[in-house]
Amino acid sequence: MGNALESLLQTPHIWRGNQYARVAFESIPTGFSHLDTQLPGGGWPRAALTEILASRQGIGELSLLMPALSRLSKGKEWIAWIAPPHIPYAPALSREGISLSKVIVVHTPSEQEKIWAAEKCLRSQSCSAVLLWACTHTHQACRRLQLAAEAGRAWGVLFGPSQWARHTSPAALRLLLAPEQGRLKVHLLKRRGGGTLPEIFIDELREQAPAGDPPRTVATPFHHRSRQQVA
């Protein structure tokens with residue numbers, strides 16, 4: 001009986017509760033093999049919203065995106081940064097292989113205009129990726145962003161604090177990041193296909209510092225001065 005059951009469980013038509021449905025979604029490789037294996041489609045989902053929630057800013061959340069952004073910047077579309085907390089540091093982005101000619105930065109005076117700008121960029125079909133730093137989290141706003149990403153076939157990324165993990169969200173993918181013993185812990189809060197949501201540890205992240213500065217622990221391609229309008 002035991003052998004027969006084990007044989008049955010090996011068939012591809014049987015789904016186990018600790019597995020996720022490996023449905024083929026259009027995706028962008030993350031550049032981190034351990035993470036790719038846990039994401040349906042093998043990477044960041046295109047035409048969808050990803051939420052990246054962190055215990056604090058600057059722990060490696062942007063480094064996690066750098067390989068994918070570098071790949072996307074080789075195309076014709078823009079990469080839009082909406083209301084970043086600091087001025088993006090061009091030398092660090094360039095070192096990561098991101099074409100600066102494809103990067104646009106949008107600053108807005110209000111939270112409502114942040115969502116509006118991100119939604120327009122996602123729907124435009126002129127942006128391959130739209131990164132948004134918001135101050136509030138509402139189901140309605142996330143739903144608008146998810147639908148806009150689907151319509152424009154763009155990769156939307158919403159950054160926020162770890163407290164947002166308590167909220168429900170229509171985002172296709174939700175990650176919770178935290179540093180742990182010199183590594184970045186990535187907890188999958190939600191993904192398409194369900195299954196047991198694992199925690200992944202990533203060791204490859206390094207902070208990008210200006211030339212001559214000593215290396216630090218995790219990456220943040222920001223220029224840490226007061227935020228200004230970027231031409």
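**Entry 1: the strand β3 and its neighbours**

I began with the pairing of β3 and β9, which run parallel to each other and are joined over 5 bridges; I took two strands as paired where DSSP finds at least two bridges between them. Helices (H or I, at least four residues) and strands (E, at least two) are DSSP runs numbered from the N terminus. I noted that this is a predicted model, in which local features need pLDDT of at least 70 and side-chain atom pairs count only at pLDDT 80 or more, while totals for chains, interfaces and linings use all residues. Residues are numbered from 1 along each chain as its sequence is written, and side-chain values use heavy atoms, with hydrogens and water left out.

Is β3 mostly covered, or mostly open? I found 7 of its 7 residues buried, where buried means under 20% relative accessible area, exposed over 50%, and partly exposed in between (1.4 Å probe, protein chains only). The cover extends to both faces, with Ala48, Thr50, Ile52 and Ala54 on one side and Leu49, Glu51 and Leu53 on the other.

**Entry 2: the sheet as a whole**

I counted 6 helices and 12 strands in the protein, and traced an open sheet of 8 strands in the order β6-β4-β7-β8-β3-β9-β10-β11, with mixed pairing. β6 (103–106) and β11 (199–202) are the edge strands, and each has a single partner strand, so one side of each is left without a neighbour in the sheet. From one strand to the next the twist averages 20 degrees.

Helix α5 (residues 111–123) lies across β4 (78–82), β6, β7 (127–133) and β8, and runs at about 165 degrees to β7. Contact here means heavy atoms within 4.5 Å, and the axes are lines fitted to C-alpha atoms, for helices over the stretch in contact, with angles from 0 to 180 degrees between N-to-C directions.

**Entry 3: salt bridges**

I found 7 salt bridges in the structure, each being a side-chain nitrogen of Lys or Arg within 4 Å of a carboxyl oxygen of Asp or Glu.

Which residue does Glu51 meet in a salt bridge? Its partner is Arg174, at 3.0 Å from N to O. This pair links strand β9 (residues 173–180), which holds Arg174, to β3, which holds Glu51, across 123 residues. Both ends are covered, as Arg174 is buried with a relative accessible area of 5% and Glu51 is buried at 0%.

I compared this with Arg46 and Glu26, whose closest N and O atoms are 3.7 Å apart. Arg46 sits in the loop between β2 (44–45) and β3 (48–54), and Glu26 in the loop between α1 (2–9) and β1 (27–28), 20 residues apart. Arg46 is partly exposed at 24% relative accessible area, and Glu26 is partly exposed at 43%.

I also looked up Glu180 and Lys185, which form a salt bridge with their closest N and O atoms 3.2 Å apart; Glu180 is partly exposed at 30%, whereas Lys185 counts as buried at 19%. Salt bridges that share partners join Glu26, Arg46 and Arg153 into one network.

**Entry 4: cores and surface**

A nonpolar core is a set of buried Ala, Val, Leu, Ile, Met, Phe, Trp, Tyr and Cys residues joined through side-chain atoms within 4.5 Å. The largest has 35 residues, of which Trp44, Trp155 and Val186 touch the most other members, and its largest share, 4 residues, comes from helix α3 (residues 66–72). Leaving out residues up to four places away in sequence, I found that Val186 touches residues including Leu35, Leu64, Leu175 and Ile202. A second, separate core of 23 residues includes Ile82, Ala134, Leu145 and Leu158.

Last, I noted that buried residues make up 46% of the 231 residues in the protein.
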